Amino acid sequence: MTTNIKHRSHLPMLNSTRPSFVAYDAKDPDHKTNPIEQLRPPEGAPNVLIVLIDDAGFGSSTAFGGPCRTPNAERLAEGGLKFNRFHTTAICSATRQAMLTGRNHHSAGMAGITEIATGAPGYSSVLPNTMSPLAKTLKLNGYNTAQFGKCHEVPVWESSPVGPFNQWPTGGGGFEYFYGFVGGEANQWYPTLYCGTTPVEPDKTPEEGYHLVEDMTNKAIKWMAQQKALAPDKPFFVYFAPGATHAPHHVPAEWADKYKGQFDDGWDKLRERTLARQKELGVVPPDCVLSPRPAEVPSWDEMPEAFKPVLRREMEVYAGYLEYTDHHVGRLFDAVDKLGIADNTLVFYIIGDNGASAEGSINGCFNEMSYFNQLQALETPEYLMERLDKLGGPESYNHYAVGWAHAMNTPYQWTKQVASHFGGTRNGTVIRWPKGIEAKGEIRTQFTHCIDVAPTILEAAGIPEPVSVDGLQQAPIEGTSMVYAFNEPQAPERHDIQYFEVMGNRAIYHKGWTAVTKHYTPWKSDDPRCALDDDVWELYNTNEDWSQSHDLAKEMPEKLAEMQRLFIIEATRYNVLPIDDRMYEKMNPDTAGRPVLIRGNTQVVFGGMGRLSENCVLNLKNKSHSITAEIVVPENGAEGVIISQGANIGGWSLYAKDGKLKYCYNWGGFEHFYAESDRVIPSGEHQVRMEFAYAGGGLGKGGKVELFIDGEKVGAGDIGGTLAFVFSADDGCDIGEDSGAPVSPDYPPGNNRFNGEVKGIQLAIAEAAEDADHLVEPEKAMAMAMARQ
């Protein structure tokens, strides 16, 4: 049997051929065989390591003049190249889908994040099967492939343990190994982790020194060493995508403490210092000016003096977080050096999948979910001051203030989500490949984009862009290889036109010119949005105006009109139209037109299930509902969590404490509401039930809870308020325990498993919102469910 590896354009390649002569006896002198040929890439194909940092702006890292020390990014740059005009899409899922396919994000179905997908082709979050992911192409050419960290490209209705796994890294994503989390962000102290498609738990607690960045680095180093030990002649593709530095900004306190006092004079002065360092490093030209601070971003002097200690600590924590992450990235580089493969390892260190995030709003926040639940008004300066010392620790889910995010994008305007301006889309990138890049410590100024990464790797590996994969003709890659610029610093840029669009914020780049319009402000999600045709466009000649500071729209209306036409052409070409700036309509699957995993008014779950994301569980928010559990209580009495959803930052839990039935509603960490039974649950088999009567009158309102044991009312309580939209982006629903950071303070992490048996639980919602009388009869539903089991 031989493998036909001559025709790499059609994947997978044939792995056998029929012999021209078939002998009856293998000893026949005319019988000839060829040794089995193993699949390998072209000779000399490099190992590839992509490091993608999350939510870090152009002006954050010291490698590009920022205040956050990244000595390993600087070390990499000393042996390679800095690309100072590398661009992303302005939001995470979109950048990742684009980078890993080489296609524009709307072409690849990922206009925004997976949680707001719609039925429109460019917005569906479904990757067309005519766009083979880079990892799959490399694997089918003989690479070993592995991903570590964040995966935010799985459609939400496919994110459960039953799949389908078409867009999971080890499903259709092309990676042979995956260790990380599926979703937009992770609690770095208590992450929800998968190995492949199997949920796994961290091997120690925060008190024992656990942190996700260190954990995933350990796994990556081990995987690389094993790969080279067992298949030294095969190159690897490692995609290392930490959740850092996305919120929550979780970091050991000693790393944050290294920055004490360094941000005392605020974000305006920090922008000035950063620009000066950027000029010294040459990552911006000497005539670059500091773009004006938008009116929506308060000046440092406008912030209350008494509140500034919190603001300073927010930035100290963030800076420590980025340096801590870079430290572990450095461990990866050290591992590559120790394996003796550095010369032929192509490394991309992309410092941000978009600009720095302003989702912490004006003050920053202790719990980022307050932003999504429209409760940030409760995070007052006084509230935050009381929790100053806890920022970054296991009790927090923190984010910094808008002013710091803006400063991290120096010298540009705006932030993450604002795809119109470079503050949202320009990210410093370092590339090193000793075998393929002669220059060391140089800067490349050609315009590049995240869709250029895939064709760059294919060219470096000598692998053609596939024509067909799995029998399906492939759409052409839309990016441009960057290899041409590796050894030609003055080479004319080849990627000379590029559109940008996220939630109506949009722009077009063409040969140095940019036409841009900011349609909405990320931290003002409630503000009414004007009609798209009423947006005000700006025009910049970035050949002369590096930071988009001098608007030429009024001086050059004809040039602006030309650029606007180009945007429409590119938007039409790449599935951007129709532009969809809706937010809350897209969060609702019914109005958005995306599937939901759970249909109807009831869901039955069983003991042993857990780590179920909110998209995998019946939505109990903003409506009357009930939770009915069949449990077996041991002779020594009931203790532990029966079912929970959420985390210490918000959610609910039904559990037994000191033998009694208890319910806790955690209102975003601001307050805990309880109901407790007036008696213990007897030993033996019993039904326990919680009924919640929603008060109505809008979203996020309160209600009344009643508790029942075997149909008899045993307790009640008032719930003063509920979370309207999300409990946790990371911690999910658990049956028989509360993994991660528990909802109720009554139980510590890792010590709350129910001591009896949870046979089954029915979740039920009222057939009409706000109508508690229409709940499904629990006995009938549970009997049917248990019979099915």
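**Figure 1. Strand β18 and its partners in the sheet β16-β17-β18-β19.** In β18, Val516 is the bridge partner of Ala507, and Thr514 is the bridge partner of Tyr509. The model is predicted, with local features requiring pLDDT of at least 70 and side-chain atom pairs counted only at pLDDT 80 or more, while totals for chains, interfaces and linings use all residues. Residues are numbered from 1 along each chain as its sequence is written, and side-chain values use heavy atoms, with hydrogens and water left out. Strands β17 (residues 505-510) and β18 (residues 513-517) pair in the antiparallel sense over 5 bridges; two strands count as paired if DSSP finds at least two bridges between them. Strands (E, at least two residues) and helices (H or I, at least four) are DSSP runs numbered from the N terminus. The hairpin of β17 and β18 has 2 residues between the strands, and Lys511 there takes a positive phi near 50°. On to β19, β18 pairs in the antiparallel sense over 4 bridges, and Val516 has Glu538 of β19 as its bridge partner.

Figure 2. Buried means under 20% relative accessible area, exposed over 50%, and partly exposed in between (1.4 Å probe, protein chains only). In a regular strand the side chains alternate between the two faces of the sheet. Both faces of β18 are covered, with Trp513, Ala515 and Thr517 buried on one side and Thr514 and Val516 buried on the other. The sheet is open, has 4 strands and is antiparallel in its pairing. From one strand to the next, the twist averages 10°. Helix α13 (residues 557-573) lies across β16, β17, β18 and β19 and runs at about 105° to β17; such angles run from 0 to 180 degrees between N-to-C directions, with axes taken as lines fitted to C-alpha atoms, for helices over the stretch in contact.

**Figure 3. Packing of helix α4 against helix α7.** Two packed helices are described by the angle between their axes and the distance between the axes. For α4 (residues 212-230) and α7, the angle is about 10° and the axes are 10 Å apart. That makes α4 roughly parallel to α7, a term for angles under 35 degrees. Contact here means heavy atoms within 4.5 Å. From α4, the contact is made by Val213, Glu214, Thr217, Asn218, Ala220, Ile221 and Met224; from α7, by Tyr324, Thr325, His328, Arg331, Leu332, Ala335 and Val336. By class, this contact has 8 nonpolar, 4 polar and 2 charged residues, where Ala, Val, Leu, Ile, Met, Phe, Trp, Tyr, Cys and Pro count as nonpolar, Asp, Glu, Lys and Arg as charged, and the others, Gly among them, as polar.

**Figure 4. The largest nonpolar core and the surroundings of Ile643.** A nonpolar core is a set of buried Ala, Val, Leu, Ile, Met, Phe, Trp, Tyr and Cys residues joined through side-chain atoms within 4.5 Å. The largest has 126 residues, and Tyr349, Trp404, Ile642, Ile643 and Ile761 have the most contacts inside it. Helix α7 (residues 308-338) supplies the largest share of this core, 14 residues. Apart from it lies another core of 40 residues, including Leu52, Leu81, Ile431 and Ile463. Neighbours within four places in sequence aside, Ile643 is in contact with Val605, Ile627, Trp652, Ser653, Leu654, Cys733, Asp734, Ile735, Gly736, Ile761 and Leu763.

**Figure 5. The covered helices α2 and α12.** Helix α2 (residues 92-99) has 8 of its 8 residues buried. Its buried residues pack against β2 (47-52), β5 (144-151), β9 (236-241), β10 (345-350) and α12 (453-461). In α12, 8 of the 9 residues are buried, namely Val453, Ala454, Pro455, Thr456, Ile457, Leu458, Ala460 and Ala461. The cover over them includes β2, β4 (86-87), α2, α3 (134-139), β10 and β13 (448-449). Gly462 follows α12 and has a positive phi, near 70°.

**Figure 6. The hairpin of β27 and β28.** Strands β27 (residues 703-709) and β28 (residues 712-719) run antiparallel and are joined by 7 bridges. Lys704 stands opposite Asp718 in β28. The hairpin has 2 residues between its strands, and Asp710 in the turn has a positive phi of about 50°.

Technical notes. Parallel < 35°, antiparallel > 145°, perpendicular 65-115°, else oblique.
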